[in-house]
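Please read them with the coordinates open.

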Amino acid sequence: MNTRAKNVGAYEAKTHLSELLDRVENGEQITITRHGRPVALLVSPHRNAMGTVDSAIEELLAIRTGHRLGPDLDAKALIAEGRKR
C-alpha cells in the first residue's frame with residue numbers, strides 16, 4: 001500500500017478515474033493538478049480528514065517549494081506596508 005501522494009493532471013484523472021479510485025481505495029492519496037497547480041485531493045473517506053501534524057508540515061513545505069515573494073520583496077516589508085494602511 002503506497003500512502004505517498006501522487007500528482008495527476010486533470011485530463012488524466014478524467015480519463016482514468018476508475019483506476020484512480022481503485023488506487024485511493026488501496027490507501028494511496030492522489031493530488032489532481034491543473035496546469036501544474038493542485039486543485040483537488042482524492043483520499044479515502046476512511047482516512048482521518050485532519051491527518052497528522054507531520055503530514056500537514058510535509059504538505060506545507062511541498063506547497064512552499066518553488067513559490068517565492070520575489071527578489072525585491074520580503075515578508076517583513078509586506079507586513080510593514082500593511083501596517084501603514
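1. Helices and strands here are DSSP runs, numbered from the N terminus, where a helix (H or I) needs at least four residues and a strand (E) at least two. On that basis the protein chain follows the pattern β-α-α-β-β-α-α along the sequence, with four helices and three strands.

2. The model is a predicted one, in which local features need pLDDT of at least 70 and side-chain atom pairs count only at pLDDT 80 or more, while totals for chains, interfaces and linings use all residues. Residues are numbered from 1 along each chain as its sequence is written, and side-chain values use heavy atoms, with hydrogens and water left out.

3. Of the 85 residues of the protein chain, 16% count as buried, where buried means under 20% relative accessible area, exposed over 50%, and partly exposed in between (1.4 Å probe, protein chains only). Among contacts (heavy atoms within 4.5 Å) with a separation of 6 or more, 33% are between residues 24 or more positions apart.

4. Leaving aside residues up to four places away in sequence, Val-24 touches Ile-30, Leu-42, Val-43 and Ser-44.

5. Arg-23 also lies in helix H2 (residues 17-25), and its side chain is joined to that of Glu-28 by a polar contact of 2.8 Å. The term stands for a pair of N or O atoms within 3.5 Å; within protein, one must be able to donate a hydrogen and the other to accept it, and residues adjacent in sequence count only if both atoms are side-chain atoms. With residues up to four places away in sequence not counted, Arg-23 touches Lys-6, Glu-28 and Ile-30.

6. Which residue other than glycine has a positive phi near 55°? This is His-35, found in the loop between S2 and strand S3 (37-42), and His-35 is exposed, with a relative accessible area of 80%. Most residues other than glycine have a negative phi.

7. Helix H3 (residues 53-64) has its end C-alpha atoms 16 Å apart, which agrees with the 16 Å that its twelve residues should span at 1.5 Å a residue, the expected span being 1.5 Å times one less than the number of residues.
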